[in-house]
Amino acid sequence: HVLVQEFWEAFDYLDNGDMSILNHSRDPSLIAVNLNHFLQVATEKRQQVPPLRDLKKVLKTSARRKFIEANKPIYSLVRNTQSPIATPATTVRCWIFQRDK
């Protein structure tokens, strides 16, 4: 789907690879994206992204990075390494995808 492609293009542009700012997963084979955080970073970087309402309807069709689960609470690698006030119990709800092979 075109919106899914736009989402991943924006994600790849905004994310910082090894020092990921958008992937909350501790598992290197997965990508865990909190859509509100994604929108916040995109807005800060002045990037246009599809509306979240529309994205939520089509992200489950993601083929390049296979969709696994929506709205799953996970221990956030991003929040727990970037925030000096984060506690070990800091979790966020994320959409989970399999990383490219």
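Guide: A residue is called buried at under 20% relative accessible area, exposed at over 50%, and partly exposed in between, with a 1.4 Å probe and protein chains only. This is a predicted model, in which local features need pLDDT of at least 70 and side-chain atom pairs count only at pLDDT 80 or more, while totals for chains, interfaces and linings use all residues. Residues are numbered from 1 along each chain as its sequence is written, and side-chain values use heavy atoms, with hydrogens and water left out.

Visitor: Is Arg64 buried, exposed or partly exposed?

Guide: Arg64 has a relative accessibility of 44%, so Arg64 counts as partly exposed. For the chain as a whole, 40% of the 101 residues count as buried.

Visitor: How many helices and strands does the secondary structure comprise?

Guide: Helices (H or I, at least four residues) and strands (E, at least two) are DSSP runs numbered from the N terminus. Here there are four helices and three strands, following the pattern α-β-α-α-β-α-β along the sequence. Contact means heavy atoms within 4.5 Å. Considering contacts in the chain between residues at least 6 apart in sequence, 63% join residues at least 24 apart.

Visitor: How should I read the salt bridges, and how many does a search of the whole structure find?

Guide: Side chains of opposite charge can pair when their charged atoms come close. A salt bridge requires a side-chain nitrogen of Lys or Arg within 4 Å of a carboxyl oxygen of Asp or Glu. The search of the whole structure finds two. In one, Arg64 pairs with Asp12, with 2.8 Å between the closest N and O atoms. Arg64 lies in the loop between α3 (52-58) and β2 (67-75) and Asp12 in helix α1, so this pair ties together parts 52 residues apart in sequence. Arg65 also forms a salt bridge with Asp12, at 2.9 Å from N to O. That pair likewise links distant parts of the chain, Arg65 being in the loop between α3 and β2 and Asp12 in helix α1, 53 residues apart.

Visitor: Is Arg65 buried or exposed, and what is the relative accessible area of Asp12?

Guide: Arg65 has 7% relative accessibility and therefore counts as buried. Asp12 has a relative accessible area of 32%, which means that Asp12 is partly exposed.

Visitor: How do the axes of helix α1 and helix α2 cross?

Guide: Two packed helices are described by the angle between their axes and the distance between the axes. The axes of α1 (residues 2-14) and α2 (residues 35-44) come within 11 Å and cross at roughly 65°. Axes are lines fitted to C-alpha atoms, for helices over the stretch in contact, with angles from 0 to 180 degrees between N-to-C directions. The two helices are therefore roughly perpendicular (65 to 115 degrees; under 35 is roughly parallel, over 145 roughly antiparallel, the rest oblique).

Visitor: Which residues in α1 and α2 meet?

Guide: From α1, Phe7, Ala10, Phe11 and Leu14 meet Leu35, Phe38, Val41 and Ala42 of α2. By class, this contact has eight nonpolar, no polar and no charged residues (nonpolar: Ala, Val, Leu, Ile, Met, Phe, Trp, Tyr, Cys and Pro; charged: Asp, Glu, Lys and Arg; polar: the others, Gly among them).

Visitor: Which residues does Leu3 touch?

Guide: Leu3 is placed in helix α1. Not counting residues up to four places away in sequence, Leu3 touches Pro50, Asp54, Leu55 and Val58. The C-alpha atoms of Leu3 and Lys57 are separated by 9.7 Å, although the two residues are 54 residues apart along the chain. Ser20, in the loop between α1 and β1 (30-33), has 17% relative accessibility and so counts as buried.

Visitor: How should I read phi, and what is its value in Arg46?

Guide: Most residues other than glycine have a negative phi. Arg46 has a phi near 55°, a positive value in a residue other than glycine. Arg46 lies in the loop between α2 and α3 and, at 77% relative accessibility, counts as exposed. Asn71, in strand β2, has a positive phi as well, near 60°. Asn71 is partly exposed, with a relative accessible area of 44%.
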